[in-house]
Amino acid sequence: MGFQLENVISIKDFTKEDIEFILKEAEKMEPIARSQKTSKILSSKILGMMFYEPSTRTRLSFEAAMKRLGGSVIGFSEAAESSAAKGETLADAARVVACYADAIVIRHNAEGAARYISDIIDIPVINAGDGAGQHPTQTLLDLYTMKRIFNGIEGLKVALIGDLKYGRTVHSLAYALAMFNVDMIFVSPKELKMPRDIIHDLKEQSISVHETTRIAEVIDDVDVLYVTRIQKERFPDPEEYSKIKGAYRIDGKMLNGKDVIVMHPLPRVDEISVDVDTMPQCKYFQQAFYGVPVRMALLKALIK
Amino acid sequence: MGFQLENVISIKDFTKEDIEFILKEAEKMEPIARSQKTSKILSSKILGMMFYEPSTRTRLSFEAAMKRLGGSVIGFSEAAESSAAKGETLADAARVVACYADAIVIRHNAEGAARYISDIIDIPVINAGDGAGQHPTQTLLDLYTMKRIFNGIEGLKVALIGDLKYGRTVHSLAYALAMFNVDMIFVSPKELKMPRDIIHDLKEQSISVHETTRIAEVIDDVDVLYVTRIQKERFPDPEEYSKIKGAYRIDGKMLNGKDVIVMHPLPRVDEISVDVDTMPQCKYFQQAFYGVPVRMALLKALIK
Amino acid sequence: MGFQLENVISIKDFTKEDIEFILKEAEKMEPIARSQKTSKILSSKILGMMFYEPSTRTRLSFEAAMKRLGGSVIGFSEAAESSAAKGETLADAARVVACYADAIVIRHNAEGAARYISDIIDIPVINAGDGAGQHPTQTLLDLYTMKRIFNGIEGLKVALIGDLKYGRTVHSLAYALAMFNVDMIFVSPKELKMPRDIIHDLKEQSISVHETTRIAEVIDDVDVLYVTRIQKERFPDPEEYSKIKGAYRIDGKMLNGKDVIVMHPLPRVDEISVDVDTMPQCKYFQQAFYGVPVRMALLKALIK
């Protein structure tokens, strides 16, 4: 069957088959991503990077993915470098970059930006984060990490931890995990609970969903602790933030002897103690690496 | 004969034969620019980009041109990234980049900057805009656009519209069109008329030149409307600007049924209404694409 | 024997054999650096550039070195582009770039930064300047320049001139020259003399070391004038600075007929008069070029 999508805008556009196709392709890409094998399949192809917001990790892993496949990259890494300063619209900028490139990766602060330009231009568009909206390639690499570590996603128990209200990463991931019948436990302060409509959608799909405010309650029952950052700005009262911050911090003592892995989309600030970094439970750097083979698989599937 | 220039500084350095050579070569480059064919003729060559002013379009199209030919790019995209901040002179910076690269593309706010460094260093220099000075590769892609659309430039009727006083693009283009016996009509507010010395030069070459303040007068007679932006800063009185702005704005209604094409060097702000974008008269995005094969032809001709 | 180092952090980590190996390899790289020969030995390899401080020269010459060998480059060229702004630690940033690249070049304002990340990550790290600390690739290209011009370093007489107190370049260079039994003369204002501990170390190695405040005293006796910049900020009294500045400025009159070469790590401000640029004594631009073959040799030696 292969991959049917022409753009990668939202994880909701993916069928389970689309996702499985990419995860399978990513596995073949791993030796190339590790520079143990070489590939020239995208030689002479150009990826256009339109990054209106800086994002080292996502930008560099797309660039690495393109270059590992023999391709080239052009673009800009912040709005100031773009022609937006001269009053050019996003639509015009995208049309022009589309003249120079074979696919576009866009990161923009406005929700819907990626979809908007994909409707205007003829080459594939990949959404690398659109404000409060989607970040589908993050979700795919999260899934790939679970698949590689557990040899499959089906039937896992995953705790999503931290800011579940505003975090676009956990929203997309929850929808994707639902396709694989993953049991989900949402662990957050009461101010930052998973939105009701998402809970509702998941239950409609007969997904087992639990909510709690305490990590200790779930740590013995789950396979994955997926940790996200709680931002100070979400709390009007700084004292309230300080109290909560501590309660959602993962450290080595908490993990010792536990049969669980820790994932994080990074950058991490202090929600995971550095003493976790050297423990076998730490998988967030491996997860970062997996961004490369997953993005290689997407680039190969999209660029003709 | 081939191409005799060692640098591309001003369109006035080009003979008609030089221009025709590049336009012909650009045509051969098109399938590579569209990624339908691959080329490695500049493999292992390096293009040094010295962009003291940001310019997405010009910078990215040069980068795409170099990479489509198998070459690499190094450089900086704004003055802050350069060593100018450390007090280094332009001459020293150019000498150093010339140690690392096989050709240099420079954009600088000071008129004459490109010529200046081309006198100092041994590798080819391409001017990508020097303040109020020249932008010869823009002129070449403008000519190429007309050639591709009309199958030749000779004998066309072209209206240059907007700010004809300060616009370096239209000055260079007027001189180049004169070589091809193009009839020119200059359409501008009286405050922004084509400079008298240019009119004089053109008439000396027996070029048919007309001037008017109204687009409506010319739209039925010309093949090309070449539109440029009128900047607010040119008018001491904001009210005067508002009045004039509207009069030099191209929209769909005005163009409907007309046998004319619309070109623009981009970025466009609001001097062309977006309803033109989907009309057959709209050629400004195609024009942007043509920047790639034209610059490929130049890079191939200059880099030994 | 070959090259034994896994990272390039400080010139003090190098044995004389390590240095000689790199200088010999660099010579083989020259035709490739000049684009007279092509190489693909680092094809499909990726160099990660972590530049927390801008540095056109060092950054571009590493990029050129990598690209001349067929490799690719990813990274950032200023701290603002990095994820440091989001609160990510240097350690985490390095771990992530290490997921995407085959070696890392880092420039950081904090002394010890390069060593610190080399202890954390598994891929080779090259120090491209860490604050007041080390800049070993500059030292290697300085040595290479002397070797190429004099056909050997052993027994040369070298004057190090300017700010010898704070200049990391001259500190590293002095240690390296000591390995080659080079006679050194330190020429500086008394406020900016070579630190006593370095003088002590050199004398322990039986190196001939002299100090003076006057260039005129040494110019007839040495093979090399290695000039560095004296920064205004080092002097509390601006008048004192002005007086001193003039005394350490090299000009054409001073050099006329002298059998000596002038080197400078660049960027130069006004410590070397531009009338020197066209004299046979001027070697600082050639020196800049030599940064490419030397860095190519290092990249080849480090990246497996």
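**Aromatic pairs, chain contacts and salt bridges**

C:Phe235 is buried, as is C:Tyr241 (buried means under 20% relative accessible area, exposed over 50%, partly exposed in between, with a 1.4 Å probe and protein chains only). The model is predicted: local features need pLDDT of at least 70 and side-chain atom pairs pLDDT 80 or more, while totals for chains, interfaces and linings use all residues. Residues are numbered from 1 along each chain as its sequence is written, chains are lettered from A and ligands numbered from 1 in the order in which they are written, and side-chain values use heavy atoms, without hydrogens and water.

A pair of aromatic rings is described by the distance of the centres and the angle of the planes. Across all chains, the search of the whole structure returns 21 aromatic pairs (rings of Phe, Tyr and Trp, the last by its six-membered ring, with centres within 6.5 Å; planes under 30 degrees apart are stacked, over 60 edge-to-face, the rest tilted). One of them joins B:Phe3 to B:Phe14 in a tilted arrangement, 5.8 Å centre to centre with 50° between the planes. Both B:Phe3 and B:Phe14 lie in the segment before α1 (16-33) of chain B, eleven residues apart. B:Phe3 and B:Phe14 are buried. C:Phe235 and C:Tyr241 also form a tilted pair, at 5.9 Å and 50°. In chain A, one aromatic cluster is formed by A:Phe3, A:Phe14 and A:Phe21.

Rings also meet charges in chain C. C:Lys12 places its charged end over the ring of C:Tyr175, 4.2 Å from the centre (the criterion is NZ of Lys or CZ of Arg within 6 Å of the ring centre and within 35 degrees of the ring normal). C:Arg295 lies over the face of C:Phe62, 4.9 Å from the ring centre.

Between chains A and B, 24 residues of chain A are in contact with 26 residues of chain B (heavy atoms within 4.5 Å). The two chains bury about 2,300 Å² between them, 50% of it on carbon and sulfur atoms (the accessible area, with a 1.4 Å probe, that two parts lose on being put together, summed over both). A:Ser44, A:Lys86 and A:Tyr100 supply 29% of the area that chain A buries against chain B, more than any other three residues.

Side chains of opposite charge can pair when their charged atoms come close. Four salt bridges are counted between chain A and chain B (a side-chain nitrogen of Lys or Arg within 4 Å of a carboxyl oxygen of Asp or Glu). B:Asp277 bridges to A:Arg95, with the closest N and O atoms 3.5 Å apart. A salt-bridge network links A:Asp92, A:Arg95, B:Arg268 and B:Asp277.

Over all chains, the structure holds 66 salt bridges. A:Lys243 pairs with A:Glu240, the closest N and O atoms being 3.5 Å apart. These two are three residues apart in helix α8 (residues 238-247) of chain A, so about one helical turn separates them (helices are DSSP runs of H or I, at least four residues, numbered from the N terminus). A:Lys243 is exposed, at 61% relative accessible area. A:Glu240 is partly exposed, at 22%. In chain C, C:Glu240 and C:Lys243 meet in a salt bridge at 3.5 Å, N to O. C:Glu240 is partly exposed, at 23%, whereas C:Lys243 is exposed, at 61%. In chain B, B:Glu63 and B:Lys67 form a salt bridge at 3.5 Å, N to O. B:Glu63 and B:Lys67 are four residues apart in helix α2 (residues 56-68) of chain B, so about one helical turn lies between them. Both B:Glu63 and B:Lys67 are buried.
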